Amino acid sequence: MRQAGISSRKICAVIALCVSWMAFLPAGAADPDAPAGLPASFDSRERLAKPDLAGVARLRFLTSVDFPPFNFIDQTGKLTGFHLDLVREICRELDLTAKCQIQAVPFAELRENLEKDAGEAVIAGVAVTTGLRRDFIFSRPYMRLPARFIVRSDAGPANVAVLAGRPVGVVRGSVHEAMLSSYFPTHRPVPFETQAELLQAVKDKKVDAAFGDGLQVAFWSTGPQAEKCCRLLPGAYLSETFLGEGLTIMTRKDEPAISGAIDHALLSLSRSGRLAEIYLRYFPVDIY
């Protein structure tokens with residue numbers, strides 16, 4: 001697993017790209033009538049003070065190019081995605097737009113570049129581990145990736161309870177296999193070696209449902225390979241034990257003001273609805 005909550009996949013060609021922040025187009029205002037979509041990651045009563053950032057000369061975010069829809073190269077060759085829009089909003093919230101930059105490097109080199117002071121923060125879906133917590137600070141999660149059930153549209157059950165005792169596909173040895181056994185002990189797990197085999201089994205009616213990464217199954221269900229065969233069952237399942245802490249921003253321990261400022265900005269964006277607006281922009285299928 002390279003990214004938090006995302007299974008291994010074929011990686012796009014990685015290039016180094018440093019983009020001036022002013023090159024990005026401004027984001028549109030959030031639609032007040034749009035569905036919230038993204039669950040809140042902060043207590044509505046919480047208050048986080050904005051640190052003094054007067055001495056910050058540069059705020060460079062390091063990312064990769066192979067984590068769609070979070071960061072990827074579009075058809076015009078431009079680095080784009082959820083993470084870039086989020087960084088723009090963080091910098092706007094902190095009044096640091098003129099000092100903000102984003103640089104894409106190979107995923108395996110993110111930690112090294114952060115340690116060498118080539119950037120001040122990493123936003124690339126890095127999984128939070130005990131080892132990394134010893135050396136770095138992680139922001140509050142701005143998104144948690146859920147587990148979901150997917151079934152055939154024409155013959156699938158109406159809800160999760162109906163799946164009791166019936167065959168439910170999972171990827172062998174995955175956190176979702178362990179999570180299914182823990183959360184739904186009455187369901188009958190059927191292991192498959194790969195995600196592709198698992199989803200094909202649902203499509204071919206070899207199992208009554210599949211249980212896996214909500215991001216992957218949601219996008220697959222609306223993609224050409226699914227051929228409109230399948231739908232998500234109601235219910236998004238979150239678990240820090242099985243799925244980790246979620247997507248966060250990693251910073252160095254010698255820059256506590258920057259870490260505090262990022263948490264302050266994320267809280268403000270969550271409370272104002274701007275974080276949810278970015279989510280709706282890149283997730284036409286609600287993964288929750």
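**Exercise 1. Work out what the side chain of Glu-120 holds on to, and where Glu-120 sits.**

Step 1. Start with the side chains: Glu-120 makes a polar contact with the side chain of Arg-58 at 2.6 Å. A polar contact here is a pair of N or O atoms within 3.5 Å; within protein, one must be able to donate a hydrogen and the other to accept it, and residues adjacent in sequence count only if both atoms are side-chain atoms.

Step 2. Now check the backbone: the nitrogen of Arg-60 lies 2.7 Å from a polar atom of the Glu-120 side chain.

A quick word on the source: this is a predicted model, where local features need pLDDT of at least 70, side-chain atom pairs count only at pLDDT 80 or more, and totals for chains, interfaces and linings use all residues. Residues are numbered from 1 along each chain as its sequence is written, and side-chain values use heavy atoms, with hydrogens and water left out.

Step 3. Is Glu-120 buried or exposed? Glu-120 counts as buried because its relative accessibility is 5% (buried is under 20% relative accessible area, exposed over 50%, partly exposed in between; 1.4 Å probe, protein chains only).

**Exercise 2. Compare Asp-117 and Lys-205 by backbone and place.**

Step 1. Neither is a glycine, yet phi is positive: about 70° for Asp-117 and about 65° for Lys-205.

Step 2. Asp-117 lies in the loop between H2 and E7, while Lys-205 is in the loop between helix H5 (195-203) and strand E12 (209-213). Helices (H or I, at least four residues) and strands (E, at least two) are DSSP runs, numbered from the N terminus.
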